[in-house]
Amino acid sequence: MEIVYVYLKKRSEFGKQCNFSDRQAELNIDILPNPELAALYVERNPVDTGIQCSASMSEHEANTERFEMESCGVNHVEGGWPKDVNPQELEQTIRFRKKVEKDENYINAVMQLGSIMEHCIKQNNAIDIYEEYFDDEEAVEVTEEAPSAKTINVFRDPQEIKRTATHLSWHPDGNRKLAVAYSCLKFQRAPMSMNYDSYIWDLENPNRPEIALKPLSPLVTLEYNPKDSHVLLGGCYNGQIACWDTRKGSLVAELSTIEFSHRDPVYGTIWLQSKTGTECFSASTDGQVMWWDIRKISEPIEVVIMDISRKEQLENALGAISLEFESTLPTKFMVGTEQGIVISCNRKAKTQAEKIVCTFYGHHGPIYALQRNPFYPKNFLTVGDWTARIWSEDSRESSIMWTKYHMAYLSDGAWSPVRPAVFFTTKMDGTLDIWDLVFKQCDPALSLKDNGCLIACGSELGTTTLLEVSSSLSTLQRNEKNIASSIFERETRREKILEARHREMRLKEKGKVEGKEDDQKEEEAALDLDELVGKAEEEFFEVIFSELKRKEAEALKKKPKP
């Protein structure tokens with residue numbers, strides 16, 4: 001019987017090939033026993049030995065050295081020419097090429113290398129090793145992994161005087177970089193020697209920023225241009241608008257004139273959808289929203305005054321804190337104000353009064369974050385005071401969903417770009433809350449204490465923390481779009497019903513004030529209602545007492561006599 005065993009293993013995993021051969025056995029050393037050592041042997045009796053049921057373990061700690069990475073560039077120039085040939089002279093180079101092309105060694109080398117190159121090109125055309133076969137798959141299996149997050153990197157302000165990381169902006173191409181604006185928002189409390197620089201960080205190198213942006217005034221907000229990743233837009237503390245082109249260096253490329261800029265710090269900037277990709281909005285607490293074109297940034301194209309009374313008076317304008325613009329709704333933009341009011345505007349309107357379309361009241365303090373849902377643009381998120389609220393454009397009187405009132409003030413918030421039912425909020429006590437409306441709506445699915453699937457959080461001490469959330473919070477779940485849509489529609493219908501009920505109650509109250517007769521009738525009806533309720537209660541208790549008496553009588557009858 002022949003036994004055959006086949007090894008299924010790659011040749012590269014076997015290591016170096018072993019060559020075996022037959023030879024005679026040989027004795028290298030032979031140690032004989034020593035009888036004298038046996039006489040020295042002492043038997044140990046009894047023997048005590050300690051044992052333990054569990055396996056013995058030991059703990060070791062090691063602090064590895066921090067790896068520092070540095071990027072270097074190399075400029076390649078044309079070379080390989082003989083000394084007697086000047087590469088700048090076209091005639092000499094053509095003459096030398098003709099001479100080399102006639103050489104037999106050149107022809108043989110080209111033929112040999114050409115076949116190898118052709119084979120590699122055919123391989124690349126045959127298969128793409130980086131192809132994602134299931135990238136377009138929307139519905140996935142529901143993961144049972146518990147919501148979690150871990151810290152990937154920490155980017156610290158390199159300056160000695162630490163400043164607040166006031167705004168973060170992701171690189172539009174692949175999120176490989178992160179632009180962070182640093183400034184001190186404490187009025188007239190900034191140190192005299194405080195640096196004004198803001199930075200662009202490479203996510204793989206937290207030790208040193210890739211580029212330093214040098215403004216004339218500290219940056220409060222900073223945004224990448226979604227069409228041109230080399231261009232950044234910044235809002236300064238002194239009210240000016242600055243623009244950088246990273247290909248030109250760290251200095252400001254374009255700057256608005258101080259006479260036509262904002263009077264207060266620029267708290268919000270946002271790029272607009274345009275053919276040129278150079279138009280943007282800026283918002284400030286001076287009550288103005290300015291429309292700019294960075295090609296002619298010396299003065300704004302148009303100024304919208306946030307006066308909800310539509311009288312176009314700057315002294316009555318509401319201070320603007322946050323901005324929202326959705327490319328699918330090119331004529332609309334929204335503004336979050338210091339007074340807790342969201343103003344919906346039309347940028348194509350002809351007059352200032354027509355530009356303010358409607359308002360949403362809901363917060364008791366400044367609205368620090370305002371963003372539309374990336375999957376359902378008619379629903380938007382606002383973050384202010386102690387709550388986060390979700391609104392629908394169909395219901396203007398109140399929000400359709402909101403979080404509970406927290407003990408700490410909320411500072412920012414954003415929707416998840418991959419899941420329609422997930423959003424993030426941050427609080428003043430350094431906590432990041434992740435909300436999953438499909439999982440639960442009363443409490444956050446995950447809370448992290450200051451420590452796409454990557455989240456960047458800035459702190460008051462100038463530290464920017466990069467977090468990676470678990471797949472359960474960053475992967476689109478099965479039927480999640482339909483579930484999120486049904487949640488928003490259900491809450492919108494509920495708010496509409498409540499609004500209709502409130503209108504009816506207001507009309508009734510108005511009728512009470514207008515006619516006294518109606519008041520008397522309502523009072524009589526209320527008295528009749530009280531009498532009916534009293535009679536119903538008496539009848540109810542009579543039935544209860546009669547039933548108790550009946551049960552007691554039956555119990556006495558069943559009790560045996562002594």
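Is Leu-548 buried, partly exposed or exposed? Leu-548 is partly exposed, because its relative accessible area is 46%, and the class in between runs from buried, under 20% relative accessible area, to exposed, over 50% (1.4 Å probe, protein chains only).

Okay, some ground rules. This is a predicted model, where local features need pLDDT of at least 70 and side-chain atom pairs count only at pLDDT 80 or more, while totals for chains, interfaces and linings use all residues. Residues are numbered from 1 along each chain as its sequence is written, and side-chain values use heavy atoms, with hydrogens and water left out.

Back to Leu-548, then. Leu-548 sits in helix α7, residues 516-558; helices here are DSSP runs of H or I with at least four residues, strands are E runs with at least two, and numbering starts from the N terminus. Together with Phe-540, Phe-541, Ile-544 and Phe-545, Leu-548 makes a nonpolar surface patch of about 500 Å². A patch takes residues with over 30% relative accessible area and no salt bridge, joining like charges within 9 Å and nonpolar side chains (Val, Leu, Ile, Met, Phe, Trp, Tyr) within 5 Å. A salt bridge, by the way, is a side-chain nitrogen of Lys or Arg within 4 Å of a carboxyl oxygen of Asp or Glu. The areas are Shrake-Rupley with a 1.4 Å probe, and for residues only the protein chains shown count as cover.

Now the sheet. We have 4 strands in an open, antiparallel arrangement, ordered β6-β7-β8-β9, where pairing takes at least two DSSP bridges between two strands. On the edges, pairing on one side only, are β6 (219-224) and β9 (254-255). Look at β7, residues 231-236: 5 bridges tie β7 to β6, with Leu-222 partnering Gly-234, and a hairpin of 6 residues links the two. On to β8, residues 241-245, which pairs with β7 over 5 bridges, again antiparallel. There, Gly-235 stands opposite Ile-241. That hairpin has 4 residues between the strands, and in it Gly-239 takes a positive phi near 100°.

Why call β7 largely enclosed by the rest of the structure? Because 6 of the 6 residues of β7 are buried. Both faces are covered, with Val-231, Leu-233 and Gly-235 on one side, and Leu-232, Gly-234 and Cys-236 on the other.

Next, the cores. A nonpolar core is a set of buried Ala, Val, Leu, Ile, Met, Phe, Trp, Tyr and Cys residues joined through side-chain atoms within 4.5 Å. The largest has 18 residues, and Phe-281, Leu-323 and Phe-333 are among those with the most contacts inside it. Elements giving two or more residues to this core include β11 (279-284) and β12 (288-293), and β16 gives the largest share, 3 residues. A second, separate core has 17 residues, including Trp-415 and Trp-435.

Last stop, Met-334, in strand β15, residues 332-337. Met-334 counts as buried because its relative accessibility is 0%. Setting aside neighbours within four places in sequence, its contacts (heavy atoms within 4.5 Å) include Leu-323, Ile-343 and Phe-380. Met-334 and Phe-380 are 46 residues apart in sequence, with 10.0 Å from C-alpha to C-alpha.
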